[in-house]
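Hi everyone, thanks for coming. I'd like to walk you through a model today, so please have a look at the screen.

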Amino acid sequence: MNLGQTTLRFRQNSVRALEDVALRAAMKQAADTFGAKRAEAFAPVSDLEALRDRASGIRDEVLADLPRHVETFVASATRAGATVHRAKDAAAAREIVAKVLSDRGAKRIVKGKSMVSEEVDLNAHLEAAGMEVFETDLGEYIIQMAGESPSHIIVPAIHKNRRQIGRLFTERLGVPYTEDPQALTRIARGALREKFLSADAGISGANFAAADTGSLVLFTNEGNGRMVTTVPPLHVAILSVEKIIPSLSDLPAFLRLLPRSATGQAITAYVSVITGPRKPGDATGAKELHIVLLDNGRTEILAGESRDILKCIRCGACMNVCPVYRTVGGHAYGWTYPGPMGLILTTLLTGMAKSHPVVDASTLCGACAEVCPVRVPLVPLILQLRRRKVREGFPDPKERRVMAWFGRAAASPGWFSLGQRLAGIFWPLVRAVGGKDVAGRLPPPARIPFRRKAH
Amino acid sequence: MNGEERVRLFLENAAKAAAGTHLLPGPEALRDVLAGIVPPGVPVYCPGLTAAEEAVADLFPNRVADYADAAATVEEVFGAVAETGTLACASVDGRAVQAGLLPAHHVAIVRRDRIFAELDDLFAEVVSAPPTNLTLVTGPSRTADIELTLAIGVHGPERLDIIVV
């Protein structure tokens, strides 16, 4: 459920997140668990750097001529029997999906996890059109029941503990209270099984789309992705154009990198490769397959200085290691995509005016770039956005004035040491006037400045 | 990597992913192993599309025609990958890939000459004409969505047994 973009309130969101002790503990646990598992999963991979080079190279190759790869994909998927729709923006994508569904009288929809569907706020639109939409990924199912939005792209309900989930299930499903994850999972299995079998249509995303064969590729662990794409008579897949890879034979590189980077698994429990709808003689597959290729600003990003962000394969590894994300969690970023890749994508897709505070949500430590399996240059991309933010006049004017003064003073040794001396003299006054708010946050000036000690 | 190494590595990796693994000394042992894996009397879906499936179909007195009604599916799969301990299930020859998804127990028979060393070998074989559905299966269905605690059997099988013949 998309609750509207709140990226402009990144600071306030962060303060609120910092006060939520349970959330911080959950975020830290997720980040640490995935971080440790990731390292463990990559340990036996002897040629990791070569593998990253290869995957990065494939992604570069796609971006070097994305329109051609899109054309090839559209032709191949069409040949395989799918109907491909191009959606220029979020509104167009919502309309296309709603029309495909309503033309066929679909009322009950089961949905696999898809960040792109969150990006275009698909559920609310379909519900407004009178359809019932059931999220079937366990984490998404939980937060849909609670009326919330995902806090983590891999573990959407990481901000909820087992007792909250147990109470939610009791309230909403009328089952006896339990807080055992295995028992809760079994309850969800039963409740959702009935939905799968009676659904008119399934909606999924896709992790990759192979241009040469027109295949969609989905990585899942629970099996809901398999259900959504094979059990209902109609399958609608929504994905953004940059998910395309040139060939199905390029997939192994990503099969080796993505699950390890995301959850520390050598491979996800399931990988579905879907090529067109059910054909004569087949006993598997939806009778009709519609693929919605979303642009929503990607073509513009491709032509600009930030195009390398389109290499991203949405593993979430950059988030787990990011000191900002680990502390404030996914909700603080205020839109679909959090963490280092998320702040870049949010700014590019929704515009600087709607997102500029989040450009500061990085310490530039570079941990993100170090783990990125496809070598997205995250730090330079963030720096570019910060320069753009200044160029477009978005920084806080007070902050700009102070930094301009500091810049001038710091450029001259005389002014700088005068400033240091003044800081020492006026510190008691600053502390007296500013009180705990200032003195508690700023360290007192050293009695002998470091640059004099260094001589 | 020779055939024996592929079989060994495949079974080792499949076991790591929490699949039950069974290596048969010869084809005659298949019936005995199956009798030990599938509880007697449970509704079983066994499509009877291959020689191996036909040879064991009569083991299950309660054989059902619709996998949605089955407690277990016993089937021969398209192939396997040693690198990751993965089964490759494909919608070839009228096979319903979702038959290995809906029942709580999936029993997969893999011919040893269908075990590929690496993922690339599998995709090299299918890339020229991929089936409508190719599903790679590694271990039973799982989630860690509640407090990152592993739970088995979300929407897919909670038990996966692999028999290499």
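This is a predicted model: local features need pLDDT of at least 70, side-chain atom pairs count only at pLDDT 80 or more; totals for chains, interfaces and linings use all residues.

Residues are numbered from 1 along each chain as its sequence is written, chains are lettered from A and ligands numbered from 1 in the order in which they are written, and side-chain values use heavy atoms, with hydrogens and water left out.

Let's begin with the sheet that involves both chains. Its eight strands form an open sheet, ordered β8(A)-β5(A)-β6(A)-β9(A)-β8(B)-β5(B)-β4(B)-β7(B), with mixed pairing. Strands here are DSSP runs of E, at least two residues, and helices are runs of H or I, at least four, numbered from the N terminus; two strands pair if DSSP finds at least two bridges between them. At the edges, pairing on one side only, are β8 (244–245) of chain A and β7 (115–116) of chain B.

Where do the chains meet in this sheet? Strand β9 (270–274) of chain A pairs with β8 (133–137) of chain B, antiparallel, over five bridges, and Val273(A) sits opposite Leu134(B). On the chain A side, five bridges join β9(A) to β6(A), also antiparallel, with Val273(A) as the bridge partner of Val217(A).

Is β6(A) buried or exposed? Six of its six residues, 215–220, are buried, so the strand is largely enclosed by the rest of the structure. Buried means under 20% relative accessible area, exposed over 50%, and partly exposed in between, with a 1.4 Å probe and protein chains only.

Next, chain B has an open sheet of five strands, β1-β11-β6-β3-β2, paired in parallel. Its edge strands are β1 (20–23) and β2 (44–45), each pairing on one side only. Helix α2 (30–37) of chain B packs on this sheet, touching β1, β3 (72–76), β6 and β11. Touching means heavy atoms within 4.5 Å.

Now the loop between β2 and α3 (51–57) of chain B, where we find Gly48(B). Leaving out residues up to four places away in sequence, Gly48(B) touches Glu53(B), Glu54(B) and Arg63(B). Glu76(B) is 28 residues from Gly48(B) in sequence, and their C-alpha atoms are 9.1 Å apart.

Finally, back to chain A: Leu422(A) lies in helix α21 (413–439), and at 37% relative accessibility it counts as partly exposed.

Definitions and conventions. Axes are lines fitted to C-alpha atoms, for helices over the stretch in contact, and angles run from 0 to 180 degrees between N-to-C directions.
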